[in-house]
Amino acid sequence: MNIISPKQEFIYTYAFTEDERSLCYMEMRAFFGTETKRNILKSSIKIDPSRSPFIKERIDVLYEGDSITDLIKQASQIELENSTFKVILVKINDLEDSEKFGHDSRRKIERDIGMEIEAEADFHNPDFTFGVITLGGRWYFGYYHKSEAIWLHHLNKPREYSTALSTRVARSVANIAVPNPNGIKAIDPCCGIGTVLVEALSMGINIIGRDINPSVVYGAIENIAHFGLEGSVTKGPIEEVTDTYDVAIIDMPYNLFTHSTPDAQLSILKNARRIAKKVIVITIDPIDFMIKEADFIILDRCVAKKGLFVREVLVCE
């Protein structure tokens, strides 16, 4: 195979509900340091699209040009030897509605580019999939990677908790906390039945869990093992944690279910300040005053909605 090495540019497309918009934008900012309102983003940062519940696909840019004709010319340089391929024109773009391509136009563009590639096309099980996309008046061509909805496999846990985060929210929160897992140690000191732990561990994040409730500790251990993952979960309050971590994820206990008091919540935050450089706080109550009293600064914030139920996600250092 002889393919020109891709530039260090990647194009991502996004899909999310209106309730998820704020959370999705925060995850974008965590991954890429910016956000886009167009559901399509170009960056030099490479992220596995399956990490995010909102990323649909990633194109690793090989060629770009002012027109489809430019891409057709460049595609003739690809040599796949005995490998098979297919070409996909990505539906998400920043074109105006009047400029968007219909089914026949998309198929023609795919055929025109595919005809220039010296290899056998295979639309069902190709060795390589290439994507074509337009953004900002330019056209791009490159390796195509479709996101796998891994979090869907984690929906049916053996142990459930009615107030637990959804798998999509938990996965996004883990990404916001640890956008790059290399060398990062994380802790979830109020882990409940381990929804965040499962998502984080499935993405290779080095994280441990802890909770004061023995029954939910056993539930978290069971859930982690159920999905073939390995992770440590211990019983005890955050006050007893002596190790330090790069980041802590705290889904603040709810008064209705844990009888947590404001003093107990403040103690959790002050101890998080002691053990972690950065803290991601998920809360249903306004706690800015507690964050300040615990000597944190809020760097970013968003809301995660589910109908009328609203959580706030705070990034604090």
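A: Let us begin with a pair of strands: strand 13 (residues 298-306) and strand 14 pair in the antiparallel sense over eight bridges. Pairing requires that DSSP finds at least two bridges between two strands. Strands (E, at least two residues) and helices (H or I, at least four) are DSSP runs, numbered from the N terminus.

Q: Before we continue, what should I know about the model and its numbering?
A: This is a predicted model, in which local features need pLDDT of at least 70 and side-chain atom pairs count only at pLDDT 80 or more, while totals for chains, interfaces and linings use all residues. Residues are numbered from 1 along each chain as its sequence is written, and side-chain values use heavy atoms, with hydrogens and water left out.

Q: Which residue in strand 14 is the bridge partner of Val303?
A: The partner of Val303 is Glu312. Strands 13 and 14 form a hairpin with two residues between them, and Gly307 in the turn has a positive phi of about 65°.

Q: What does strand 12 do with strand 14?
A: Strand 12 (residues 276-283) runs antiparallel to strand 14, joined by five bridges. Val281 has Leu314 in strand 14 as its bridge partner.

Q: How many residues of strand 14 are buried?
A: Six of the eight residues in strand 14 (309-316) are buried, where buried means under 20% relative accessible area, exposed over 50% and partly exposed in between, with a 1.4 Å probe and protein chains only.

Q: Changing topic, which residues of helix 3 are buried?
A: Arg106, Ile109, Glu110, Ile113 and Gly114 are buried in helix 3. These buried residues fall within an arc of 130° seen down the axis, so they line one face of the helix; the arc is that of the directions from the helix axis to the C-beta atoms. Asp104 and Arg111, on the other side of helix 3, are exposed.

Q: How do helix 2 and helix 3 pack?
A: Their axes are 8 Å apart, at an angle of about 30°. Axes are lines fitted to C-alpha atoms, for helices over the stretch in contact, and angles run from 0 to 180 degrees between N-to-C directions. Ile68, Leu71, Ile72 and Ala75 in helix 2 meet Ile109, Asp112 and Ile113 in helix 3, contact meaning heavy atoms within 4.5 Å.

Q: And where is Glu116?
A: Glu116 lies in the loop between helix 3 and strand 5 (118-121). Glu116 is partly exposed, with a relative accessible area of 31%. Leaving aside neighbours within four places in sequence, Glu116 is in contact with Ile72, Ala75 and Ser76.
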